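Subject: Structure for you to look at

Hello,

Here is the structure I promised to pass on. Please open it first, then read my notes below.

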Amino acid sequence: MALGIGTTAGITLSPLPWKITDDLSIWTQNWPWTPVPADGEATDTNSACMLCPGGCGVTVRKIGNRVVKVEGMKGHPVNDGGICALGLAAPQLLYSPTRVKSPMKKINGSWRKISWDDAIAEIAAKLIELRAAGKSHTVACIAESDRGTVPLLWSRLLTVYGSPNFMRPATMEDAYSLVMEKTQGHHGVPGFDLENADFVLSLGCGIIEGWGSPVRMFKAHSQWKNKHAKLVQVEPRLSNTAAKADQWLAIKPGTEAQLALGLAHVILSESLFHRPFTDNFSDGFESCKQAILSQFHPDRVAESTGIPAETIRSLGRAFAGAKHPIAICGRGQGHVPGSFQETAAVYLLNALVGNIGQKGGVWAMPEPEYVNWPEVEMDSVAANAMQQTRMDGAGGEHYPDARYLLTRLPEMINAGIGDGVQVLFISGANPAYTLPGSQAARKALARIPFKVSFSTHMDETAEMADMILPNHCFLERYEDVPVTSGLTKPMVNLAVPVLQPLYDTKHVGDVIIALARSLGGNIAAAFPWKNYQACLKKTLGDRWAHLTEETYWVDNNYRPTQWQDGFETATGKFIFPDAKRLNRSPLAAQGDLTLIACDSMCLSSGSVGTPPFLIKTVPDTVLKDLYMVVEMNPKTAAALQLKEGSNAVLSTQRGAARVKVHFSEGIMPGLVAMQRGLGHSAYDKYLAGKGVNINELMGPVDDPDSGYDAAWGISASLTKA
Amino acid sequence: MSTVDDNAHDVHGDGTDHETESHDSDPTSKDDGAGVAVLFFIIGLAASLVIGWLVFPKLLYSKKQQPFDFNHSLHMELVDDGCESCHFFRQDGTYAGLPQLAQCTGCHEEVQGDTKDEAIFVEEYVSKNREVPWLVYSRQPDCVFFSHAAHVKMGQMDCVTCHGHIGESTGLPDYEENRITGYSRDIWGRNLENMLFLKKNTWDRMKMDDCAECHMKETGRMTSVQTQKDGCFVCHK
């Protein structure tokens, strides 16, 4: 015992216990899972964001070789230092555990690594075989866009190989482009001079929810507040935009076109329209006027839209009376093109107040025009194949005006029309998740025997593919980013690599060039560049030096053609829309309950999977644990005997899902709203298995005029679970 | 005057003191027992002091070799700007710390001289473009925020104050790595006197108290109500 006491005393008087205690506390800070910031030199590199079509410039901060922050680029014409939550979370996408780290091939249902050379050789062999069998048109490509060098390399490859089936998703910009083509003869894209408008009539646009170029819209929205411009938001649900608007008009969904024409009725019947424009620079005004006056009396419109006639009258007067009014459409973020009728009706309002091509109005913008490659020389196989009808029917007999109808593709494949698709390339898109009616889309994808994904991450489509040839992440590669998104300045950004690729990935442009080279003949000859970077440099020509330094090129002096210089139509005049096309009844009849979709800046609903930082910002009125929460008016819920927070099954003709119910006075009775962007089955544990993908419940509705998806909702039923 | 003991001895009431008999033989054994106890106490104390002060520090640290030896003195003769020639401040004011390989390759593209260490450097690192995994004697735990700019530029302190005369050394000492924390023994101090808080030089050890000592002396702000020293958040951000 004495020994014990002595030992204890001795130990206590020695540094042993104190040092061990101290060291153990330091040891706890060094556990391998404790995040430790990287050490090294801090550098900032300017680049371009490619996570949405918004066209922001970003400044990427690195410590050593580790990307630690993505910020908005100061002085950039789109975002001037601002950035959205998705852009801010970009480092999580770069370092995501779901990155595809090398080329892979699916063998007996499981992924095996494969070399780049073998992968390209295998695809080339398949393409040569199909071409020899006269089935080159069964090769298709789904890309994120049809602008910029990479999408154009894809469409060039398909053209010279012999397939008309290059596709991309259509958006509200396509609906606008079509209307502009019909009314102004302009082949281009719309620009909205929103910063200079003083009265903004938004028919469902999520101004601060990601419509157009999101950060530009935040800034424009702030400017309106400062200069007391008026924002009138028309939509059935109290979105953030509606909550911040000067006036919110809750409208029965799908009747926006009727409201626009009702407002046109007020403007026409009270002679508030811009007479110099209608008299001197337009055709078809009188017939259009007569059609509107006979069909869209405010009393009648009040009945269909649910907005009182007097409100319609006062809104029409206020709109026409403003100095720089503008009307815009495209629901939420504008991912769904919408009907021709609706876009034309809204466009017509702008024409009536004479803001086409004017300050604060709607501008005809050119398509990005810097890619000027020589025409491809097609051999007879390619020339014949290019005469074939596209699989999606765009430009065909039914829908001659549409350019891409990707939403129709699953239906065509599932119906077994034509030779189907034998090989599908998917580049920068995730159709298995994003296509409306995604169950049918997945069924169609499953019928395609050979699918090659170029995804950077293991998304739903990549999981279904037979081969993945991972592209570099956007912070690892050069790529031109032509920007439209409603801007009033033609602009091109250049994404530059801010770090060396982390994994064994390859630029998709290099893969296309390598593939073309393997195919030989005319096909190889159409791709004379050594590699993608050489192609990009040559394509950008004089702009290359400027772009590598500044990362953006902008034409600040662009002005749309003035009325007196003539529109691009045959007569040189603006053609008012055909009355027949305007006078359609709403596309889908409402049942007792209608499911509508809504968008949020907290969730990415496109081909980019929402990173963990953003999932943290999703409130529990949208996602409760793993449950999707749907929003409905307490009155609707009372009729269905549902309580706040109760579990229910939401069913439509497309599918059914378990949801939780959340009451809100800010949504019209008879509706149930669900956010886009959840319900992923792929990606990491932060995203997968949370909520419901609304595309499972809602399918595309073909617009009878254009063929573009015009779905704004779907009849649904909700039963207690 | 009777004592408690006296009374106790008389409990039998027969005047016979039974206890006295037994006590006759006991005094020596009692003294022996106490002696043995003291002896054991001293043995225990001495052994544990030896273990605590001498054995434990030896066991706590393992000796590690640097990837190759480095001669600071030789390099100091060749450069114009002292320590800052290689351990410089970046343009943004941050401190670069240990030189990156790129800084060395200017001169060491080819083998200079004929030492074994130079050969290792060029063959294993320069030609393979690998950064040298130096073991850093002065690395502090991540919970410590330390700004070289604040001390060297604003406080006008010499490198020697904290790092000692490493710049004059011709070779690198063994790196004694703490088996628990992984940090160098230089932080705790290499000698017995350092452990006894009797350091001779400012650079002999660099634990929190050593930082605090200088902070007390130099800044004397005592912004922390709790510790009466500088606020914790000066270093523990």
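What pLDDT does chain B average? This is a predicted model, and chain B averages 83, with 81% of the residues scoring at least 70. Take care at the start of that chain. Over residues 1–24 of chain B, pLDDT stays under 50. The model has 4 contacts beyond four places in sequence for that stretch. For the complex, the predictor gives an ipTM of 0.81 and a pTM of 0.87.

The interface comes next. Here 22 residues of chain A are in contact with 26 residues of chain B. On the chain A side, α1 (2–12) and α2 (16–29) each supply at least two residues. α1(A) gives the most, with 9 residues. By type, the chain A side divides into 13 nonpolar, 7 polar and 2 charged residues.

The largest nonpolar core has 226 residues. Among those with the most contacts inside it are Trp154(A), Ala260(A), Leu650(A) and Val630(A). In soluble globular proteins, nonpolar side chains tend to be buried together. Leaving aside neighbours within four places in sequence, Val630(A) is in contact with Leu650(A), Val659(A), Val661(A), His662(A), Val672(A), Ala673(A) and Met674(A).

Is Glu144(A) buried or exposed? Glu144(A) is buried, because 20 other C-beta atoms lie within 10 Å and the cut-off for burial is 20 or more. Glu144(A) sits in the loop between β6 (139–143) and α6 (149–161) of chain A. Beyond four places in sequence, the contacts of Glu144(A) are Arg168(A), Gly428(A), Ala429(A) and Ser607(A). Ala429(A) is 285 residues away from Glu144(A) in sequence, yet their C-alpha atoms are 5.2 Å apart.

One helix deserves a look: α7 (residues 172–184) of chain A. Its 13 residues should span 18 Å at 1.5 Å a residue, and the end C-alpha atoms are 18 Å apart, so the two agree. α7(A) is mostly covered, with 11 of its 13 residues buried. Gly185(A) follows α7(A), and its phi is positive, near 70 degrees.

Best wishes

Notes
Residues numbered from 1 in each chain as written. Chains lettered and ligands numbered in written order. Predicted model: local features only at pLDDT ≥ 70, side-chain atom pairs only at ≥ 80, totals over all residues. pLDDT = per-residue confidence, 0-100. Contact = placed C-beta atoms within 7 Å. Helix = DSSP H or I, 4+ residues; strand = E, 2+ residues; numbered from the N terminus. Nonpolar A, V, L, I, M, F, W, Y, C, P; charged D, E, K, R; others polar. Core = buried A, V, L, I, M, F, W, Y, C linked by C-beta atoms within 7 Å. Buried ≥ 20, exposed ≤ 12 C-beta atoms within 10 Å, placed from the backbone. Expected span 1.5 Å × (residues − 1).
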